[in-house]
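Dear colleague,

I am passing on the two-chain structure we spoke about, and I would be glad if you could look through it alongside the notes that follow.

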Amino acid sequence: MNVNRLRNLLRARPTLFSVRWNNSENKLAIYDPFYAKPKKTKETYLEVIKKFEDQDTRRRGHVEFIYAALRRMKEFGVQKDLEVYKALVDVLPKGKFIPTNIFQSEFMHYPKQQQCAVDLLDQMEDNGVMPDTEMEQMLLNVFGRRGIPLRKYWRMMYWMPKFKNLSPWHLPDQLPGDTLELARLAIQRITSVDPDTRVDTWQTEEIEASLDKTWIVSAQSRTQQVLLSEQPLDEPLVIKGPFNVYLRDQVVTYFILLGKIRPEYKDESDTDDVSNIPRPPGIPGVIGKVTLPQVKSTTHEQDDGTIVAVCATGTSSRDSLLSWIRLLEKNNNPLLSSIPVIFTLVAPSSDVSLFETQPATQNEKNES
Amino acid sequence: MALCRNWKTYSLQGYRSFSILCRQCDASALKIHSNVNVSPKRLLFWEKDRKGGYDAKEKVSTLQHIMKGFKEIKSEFKLLGEEAKEFLAADPLLIARPGETDLLWCFNEPKVLEQFVTTSDSDHNQGYSSCSFSPSPAGRALFHGYLDTRVPKDGRVKKAGYCALRSQRTRKAFKREATYNWHLYNTLVVKLRGDGRSYLLNISCEGYYDITWNDIYHYVLFTRGGPYWQIAKIPFSKFILGSKGLIQDKQSRMRLDRVTHFGISCGDKIDGPFNLELEYIGLEFDPTHDEDFAYEMYKTDRYIVGV
């Protein structure tokens with residue numbers, strides 16, 4: 001009797017197997033609810049999560065769902081949104097994974113689920129999203145206070161606030177989408193070395209000869225104006241660039257106008273020598289000499305040249321840089337009309353056609 | 001049949017790429033032997049390799065080894081002579097003058113750059129970043145390269161994108177390992193010109209036992225960007241203890257007399273070129289800074305921290 005039954009089973013097996021095999025080969029199709037959404041926004045993302053929660057009371061496959069959802073975050077542009085992460089944690093069932101004895105808590109109760117939650121927190125950390133106390137309550141309800149995700153959460157809450165505002169150059173949480181605003185931020189950051197610097201936004205339309213109609217963010221301090229006015233007429237100024245500056249993940253290219261390297265200020269006088277004490281210079285404006293002692297060394301005098309101005313333009317083209325020089329000339333730098341300016345740009349930036357139409361101006365630049 | 005062939009080519013491809021990767025990188029952390037999804041294993045007991053499996057040392061035969069050794073005898077004896085002279089003649093430093101920077105490395109000469117080694121994830125076939133450390137146009141040192149966070153599709157690497165710069169291990173004659181002694185100072189001074197990215201300063205304090213081999217103290221180096229030089233002064237008390245890049249729960253201050261390496265790394269998850277120009281790296285004693293360690297050292301609940 002038993003032997004017969006076994007034989008039947010064995011006989012039935014290959015057919016059953018082949019049928020299933022054939023079926024699975026022909027009819028397997030992956031349904032991806034994230035892919036099916038035509039509009040990739042936060043609302044549709046949350047909709048998919050809600051739909052998953054509603055379709056099955058047991059929420060089968062929630063670990064796989066969370067992993068799939070984490071991978072799709074960038075596509076929907078929600079990777080920096082705390083609310084979305086909370087919605088994903090909410091998918092995990094409450095109370096089921098809390099260990100009830102020491103053995104369970106020691107040997108990682110429900111390891112895949114715990115690892116999944118840790119990976120979720122990891123992704124938050126990578127994207128710089130700081131969790132809040134509600135997240136802690138949610139994780140406590142899911143894993144209990146001995147859970148690995150809770151340890152991860154506490155570590156994050158200890159360290160992340162320490163690093164959040166550590167940068168000495170503050171940036172807004174949301175960087176502006178407008179390139180002009182971004183360039184202003186970048187130039188302000190670069191020139192924060194001299195608090196006297198004035199950052200101006202000019203339009204190239206002010207110069208009639210300009211071809212590129214764009215904006216220019218230019219920065220120059222009063223010290224730099226003095227340094228520029230002391231540039232000898234026979235030594236050309238140099239425009240260098242484009243250089244990159246990063247504002248988080250945004251890149252702004254900037255150019256610098258370099259003057260000649262000024263001789264180092266040397267003070268050979270011996271301060272301990274009392275044989276010839278000069279008359280004290282007095283207090284400027286009150287007693288004695290009225291002018292301030294000349295500052296010989298400023299931050300703008302770097303070892304590869306004297307930086308006399310910094311700018312970023314909308315197109316980073318040569319024509320816009322030429323307009324920048326003209327605009328600088330208009331704004332309190334009359335010397336620029338008689339000093340030659342050399343363009344040493346690393347790579348031809350922006351349109352190639354732009355300076356094909358421009359050979360005359362190219363010569364003009366070097367001559368003027 | 002078709003299915004079978006498909007399976008075969010697939011497995012062959014899998015085998016090929018695996019073998020290529022294994023030839024150069026034998027990192028034990030990346031080895032997963034079965035298909036079972038396991039949580040990362042904890043190396044609590046024993047670590048056999050100082051480099052954690054990332055050993056790039058070229059293997060030479062015994063004969064070549066002896067020949068190379070003979071060639072080095074002259075320079076090693078010279079080092080020994082200097083060492084003896086220093087032992088007899090030099091007085092130990094007792095105080096550091098406040099406000100004066102003592103230079104560790106000044107990158108005015110290209111020779112100093114040879115004391116540093118660069119590494120990036122593409123060296124071990126774990127990514128696509130590349131970097132180099134070379135003289136800059138202004139005559140200083142330039143740490144530059146391209147950071148790429150693309151992950152190679154080998155099924156093992158999860159995250160990629162780092163470039164690192166590290167000084168070589170300081171040593172005495174005949175390859176005896178030594179350590180830097182910085183206990184007179186309390187501030188690290190770096191003169192640099194960056195590109196607005198943030199970098200990581202790494203100070204390794206490798207010890208004798210294997211659990212201390214990967215101890216590195218980290219701190220962030222923010223750069224302003226732009227053409228102006230910037231001097232960053234960072235107190236040693238702010239450095240955070242990490243092991244294999246993971247911040248440790250039980251923190252402790254740096255043993256400044258046991259420093260083995262200094263390094264800078266770039267890994268801020270932003271794709272693109274990076275440029276960090278360095279003029280010097282130095283040490284300073286700041287008497288106004290009396291902080292011992294910047295982070296809380298209070299006791300927490302049992303079985304929560306450090307497990």
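This is a predicted model: local features need pLDDT of at least 70, side-chain atom pairs count only at pLDDT 80 or more; totals for chains, interfaces and linings use all residues.

I begin with the backbone. B:Lys175 is a residue other than glycine, and yet its phi is positive, near 55 degrees. In chain A, the peptide bond that joins A:Gly241 and A:Pro242 is cis, with omega at about -10 degrees, and A:Pro242 belongs to strand E3 of chain A.

As for the overall layout of chain A, the assignment divides it into domain 1 (30-164) and domain 2, the latter made of two segments, 179-263 and 284-352. The centres of these two domains of chain A, taken over C-alpha atoms, are 50 Å apart.

The next topic is the interface. Contacts between the chains involve 37 residues of chain A and 41 residues of chain B, and the area buried between chain A and chain B is about 3,300 Å², with carbon and sulfur atoms giving 55% of that area. Across this interface the rule finds 17 residue pairs in polar contact, both residues being at pLDDT 80 or more. On the side of chain A that touches chain B, the elements that give two or more residues are helices H1 (2-27), H8 (111-126), H10 (148-164) and H11 (179-190), together with strands E3 (237-247) and E4 (250-259). The largest share of that side, seven residues, comes from H10(A).

Which charged pairs link the two chains? Side chains of opposite charge can pair when their charged atoms come close. Over all chains the count comes to 39 salt bridges, and six are found across the interface of chain A and chain B. One salt bridge pairs A:Asp303 with B:Arg140, where the closest N and O atoms are 2.3 Å apart. Another joins the side chains of A:Arg155 and B:Asp249 at 2.6 Å, N to O. This second pair crosses between chains, from A:Arg155 in helix H10 of chain A to B:Asp249, which lies in the loop between strand E13 (246-247) and strand E14 (261-266) of chain B.

Lastly, chain B carries a nonpolar surface patch of about 570 Å², made by B:Ile66, B:Phe70, B:Ile73, B:Phe77, B:Leu80 and B:Phe174. Of these residues, B:Phe77 lies in helix H2 (residues 62-89) of chain B.

With best regards

How values were computed: Residues are numbered from 1 along each chain as its sequence is written. Chains are lettered from A and ligands numbered from 1 in the order in which they are written. Side-chain values use heavy atoms; hydrogens and water are left out. Patches are made of residues with over 30% relative accessible area and no salt bridge: like charges are joined within 9 Å, nonpolar side chains (Val, Leu, Ile, Met, Phe, Trp, Tyr) within 5 Å. Accessible areas come from the Shrake-Rupley method with a 1.4 Å probe; for residues, only the protein chains shown count as cover. A salt bridge is a side-chain nitrogen of Lys or Arg within 4 Å of a carboxyl oxygen of Asp or Glu. Helices (H or I, at least four residues) and strands (E, at least two) are DSSP runs, numbered from the N terminus. Domain bounds come from an automatic or database domain assignment. Contact means heavy atoms within 4.5 Å. Buried area is the accessible area (1.4 Å probe) that two parts lose on being put together, summed over both. A polar contact is a pair of N or O atoms within 3.5 Å; within protein, one must be able to donate a hydrogen and the other to accept it, and residues adjacent in sequence count only if both atoms are side-chain atoms.
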